[in-house]
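Please read it alongside the sequence and coordinates shown below.

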Amino acid sequence: QVQLVESGGGLVQAGGSLRLSCVASGRIISGNVMGWYRQAPGKQRELVAAVTSFGRTNYADSVKGRFTIFRDNARNTVHLQMNSLKPEDTAVYYCNVDRPGFGSGSWGQGTQVTVSS
């Protein structure tokens, strides 16, 4: 019911920056929480950052001070600005939305972020 399309990944050197974008469509409920997740090789998917419809944010400790999540409610988009990238940030990055009373949307294809040493 909710489709999510991520973009913006790529190959970058350590210390570089990338901006990821996600567009949501379908049955989107107001008051939702949008978030970015990542899954590195051999590891489980983890929450990187989240933002409420009112703009409240939270971040994983590993990315605090380096990543910024922000959203555009009118366009149903969420972005992740990633600065000072490290090789350990290498992963497939996904976005998702948690809707009150309706749960999360379906996982998209994700976007690959590769940070070289």
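The structure, a predicted model, holds 2 aromatic pairs. Ring pairs link Y37, Y94 and W107 into a cluster.

**Aromatic pair Y37 and W107**

- The ring centres of Y37 and W107 are 5.1 Å apart and the planes stand at 90°, so this pair is edge-to-face. An angle over 60 degrees is what that class requires.
- Y37 belongs to strand β4 (residues 33-39), while W107 lies in the loop between β10 (103-104) and β11 (111-116), so the contact ties together parts that are 70 residues apart in sequence.
- Y37 has a relative accessibility of 23% and counts as partly exposed.
- W107 is also partly exposed, at a relative accessible area of 40%.

**Aromatic pair Y94 and W107**

- For Y94 and W107 the ring centres are 5.9 Å apart and the planes are at 75°, so this pair is edge-to-face.
- Y94 is in strand β9 (residues 91-99) and W107 in the loop between β10 and β11, so the pair ties together parts 13 residues apart in sequence.
- Y94 is buried, with a relative accessible area of 13%; the limit for that class is under 20%.

**Charge over the rings**

- R45 lies over the face of Y94, at 4.5 Å from the ring centre.
- The charged end of R45 also sits over the ring of W107, where the distance to the centre is 3.9 Å.
- The rings of Y94 and W107 pair with each other, and R45 lies over the ring of Y94 and over that of W107.

**Strands and sheet**

- The protein chain has 11 strands and 0 helices.
- Strand β3 (residues 18-26) is joined to strand β8 (residues 77-82) by 6 bridges, and the two run antiparallel.
- S21 stands opposite H79, a residue of β8.

- With a relative accessible area of 2%, V97 is buried.
- Beyond its neighbours within four places in sequence, V97 is in contact with V2, L4, N32, V33, M34, G103, S104 and G105.
- The C-alpha atoms of V97 and R66 are separated by 22 Å, and these residues are 31 apart along the chain.

**Chain as a whole**

- What radius of gyration does the protein chain have, and what would a compact globule with 117 residues have? The chain has 13 Å, which agrees with the value near 13 Å for such a globule.
- Taken along the principal axes, the C-alpha atoms fill a box of roughly 45 × 25 × 20 Å.
- Buried residues make up 43% of the 117 residues.
- Among contacts between residues at least 6 apart in sequence, 54% join residues at least 24 apart.

Terms used:
Residues numbered from 1 in each chain as written. Predicted model: local features only at pLDDT ≥ 70, side-chain atom pairs only at ≥ 80, totals over all residues. Heavy atoms only, no water. Phe/Tyr/Trp six-rings, centres within 6.5 Å; stacked < 30°, edge-to-face > 60°. Helix = DSSP H or I, 4+ residues; strand = E, 2+ residues; numbered from the N terminus. Buried < 20%, exposed > 50% of the residue type's maximum accessible area, 1.4 Å probe, protein only. Lys NZ or Arg CZ within 6 Å of the ring centre and 35° of its normal. Pairing = 2+ DSSP bridges. Rg over C-alpha atoms; globule rule 2.2 N^0.38 Å. Contact = heavy atoms within 4.5 Å.
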